[in-house]
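Take a look first, then read on.

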2 protein chains.
Amino acid sequence: MRQAGKKPTMKDVAREAGVALGTVSNVFNGVPVGREYRLKVEEAASRLGYSVNIYARGLRAVKTNTVAVILPGLNHMFFSQLANYLCNALSRRDCRMLLSTTEYDPEAESRCIQMLRKNMVDGIIGLTYSATQFDVEGMPYVSIDRVISPTVPCVASDNYQGGILAAEKLIGLGCKRLLCLRLGSRLLGETDKRGSGFAHICTVQNVDFVMKRLNDEDGFEGVIRFLEGEIQGGKLPYDGIFCSTDLLAHHVICYLEKRGIRVPEDVQVIGYDGVRAFFTEELVCSTIVQPIRQIAETAVDILLSTDRSLASALVCLPVTYAPGGTTKELVTPLGQ
Amino acid sequence: MRQAGKKPTMKDVAREAGVALGTVSNVFNGVPVGREYRLKVEEAASRLGYSVNIYARGLRAVKTNTVAVILPGLNHMFFSQLANYLCNALSRRDCRMLLSTTEYDPEAESRCIQMLRKNMVDGIIGLTYSATQFDVEGMPYVSIDRVISPTVPCVASDNYQGGILAAEKLIGLGCKRLLCLRLGSRLLGETDKRGSGFAHICTVQNVDFVMKRLNDEDGFEGVIRFLEGEIQGGKLPYDGIFCSTDLLAHHVICYLEKRGIRVPEDVQVIGYDGVRAFFTEELVCSTIVQPIRQIAETAVDILLSTDRSLASALVCLPVTYAPGGTTKELVTPLGQ
DNA sequence: TTGTAAGCGTTATCAC
DNA sequence: GTGATAACGCTTACAA
């Protein structure tokens, strides 16, 4: 019913090729087999249009060629780009991608993981806020942007270095009084290091700065309210702002312009992520660019690597700075 | 090895609950079972942390609770939003989503479908450019934005009506000479109707218009080249442009502004899709908004509906017009 | 309802 | 390398 003519099985292939059933199985599992046998099998298989039944294979609990990906949602540029690259990287490894979104619901995360471990996937790549070591233990798991425990590998961009870059850049561009704006989950993750790196440089270089941390519940409105309170006489007491994400930077910039504060003339802004406006080449603002593709590929590499002991707990991938029109770039280094 | 403590099976649940194996099976398949038995089974199952092994179930070829989604990629706002809503709609139906991207490779499409039918998914939702009736026959399939054959259900926005809306709007806003710009696949799809609806209104209302169709190979550069050739004395001989997608509109608008042609003062522009700049509320341009969430939910409904005969071949979902700053909206209808 | 048992297609393990 | 055969966990059919 699902299939017009019923599907050929390994037995059919074995008969067609005139070899033993086990030989066919070996061929499809990459087990070394005499060259001529292998050819006979492959030819017979393609003649019959055969391919392995993944459910029968999965039942034997060896390898399902399926990796689950857990993301908060696809409604954010960073997540959708990540999903895209993960999908490519997995398919290049002949792996299918099972995508689950948690809709930012912490409880959905562990429910999701529990469900998946029953469903026998080869492993999970998850970007979660509250999954615990308990949730993931006993199964191949790679976390993105959050260290779950020292024994669970985590891949992230070099958030600390990104914060450093941002601070150095703003200071190098002449800023005297900085603001670091963070809007994120109440739960700690790797991304919090962005602010730490930023603060470190400000302290070392003895530059005034204010650190403002808000939580998701506050929303962008919370940020705007904060800025509203900071403005004195139509002016902001900062000449440089580092926002923890490009999206936040975007909202801040829109607000500032509405209040008649010019970007980058009056205040320079740097974001984090490097997302492009609807996947074109255009950046949203000057920003610290995450190597999203590399993050995806590294996560897949670590997950699928047989030698999991080699996976260090935290892999930080290098970030770069890219001007996007919200900073006063120096045309020549001599121009300083 | 995959699992710390090995997983409980139906047999374990049956023993724990003190009922027959078949009863447990029935409970998990929604087959009517005496109330007290059902409760005993459910309690035992949760006590043991049991859930059905989808591979064993899939082997019997009944229902895998898995739906495959095929998209060109996730690197376009429309696709990633679609994927997001599909994922939600499926998970609400307790279905897992297997996501494959074809990277816009027509050959990858049928390869992908062939692969999936061997892999026994409950059905496929595909946005493809070249998949044929042959590819999909014999399996539950719902196509998006392209009619594959009269027997394969297709869900799309009401593209024709969208074209009509765009033309009526531009004409209503005073445009006298229109341009319809289309950039898309060489292969025909539902989206081509956007231009047809547009042309129809122009013809009926006797308004001058030019229809320019380019293919993906030409790229945005091709469109720019065309516009370059049209400009005479720094002016464009059009006062209204309908672009087949928001992304195209965005490129056109950027180019026009670079050439000193003001939008919407000199020329008004309407796009199609209704994508938001990185998932905020902001539209990219004045546009015809597709009901993406509804498209996703309808596709899932049709695919999972047992009564597939009810599925009409083509379902066109209503679109709406939304101003986005690239048209000269009339403040009051009397203002005309 | 209850046992029991036969498959589903693969993999893995035997002798040979 | 070959056969044959025992799992894997579930669904389905059967007689009781």
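This is a predicted model: local features need pLDDT of at least 70, side-chain atom pairs count only at pLDDT 80 or more; totals for chains, interfaces and linings use all residues.

Residues are numbered from 1 along each chain as its sequence is written, with chains lettered from A and ligands numbered from 1 in the order in which they are written.

Let's start with the DNA. Around DNA strand D there are 25 residues, and A:Thr23, A:Gly34, B:Thr9, B:Met10 and B:Ala56 come nearest (near means a C-beta atom, placed from the backbone, within 6 Å). Helix H2 (21-28) of chain A, plus helix H2 (21-28) and helix H4 (54-59) of chain B, each supply at least two residues of this surface; helices (H or I, at least four residues) and strands (E, at least two) are DSSP runs numbered from the N terminus. H2(B) gives the most, with four residues.

Next, the two chains: 39 residues of chain A are in contact with 39 residues of chain B, contact being C-beta atoms, placed from the backbone, within 7 Å. On the chain A side, helix H4 (54-59), helix H5 (77-92) and strand S2 (96-101) give two or more residues each, and H5(A) gives the most, with seven. S2(A) also pairs with strand S2 (residues 96-101) of chain B, in the antiparallel sense over three bridges; to pair, two strands need at least two bridges found by DSSP. Within that pairing, A:Leu99 has B:Met97 as its bridge partner.

Leaving aside neighbours within four places in sequence, A:Leu86 is in contact with A:Val69, A:Met97, A:Ile125, A:Ala296 and A:Val300.

| Cis bond | Omega |
|---|---|
| A:Val263 to A:Pro264 | about 5° |
| B:Val263 to B:Pro264 | near 5° |

A:Pro264 sits in the loop between helix H11 (246-258) and strand S9 (268-273) of chain A.

A:Tyr104, at about 60°, lies in the loop between S2 and helix H6 (106-118) of chain A. B:Asp273, near 135°, lies in strand S9 of chain B. Which of them is buried and which partly exposed? A:Tyr104 is partly exposed, because 15 other C-beta atoms lie within 10 Å, whereas B:Asp273 is buried, with 29 (buried is 20 or more within 10 Å, exposed 12 or fewer, partly exposed in between, with C-beta atoms placed from the backbone).
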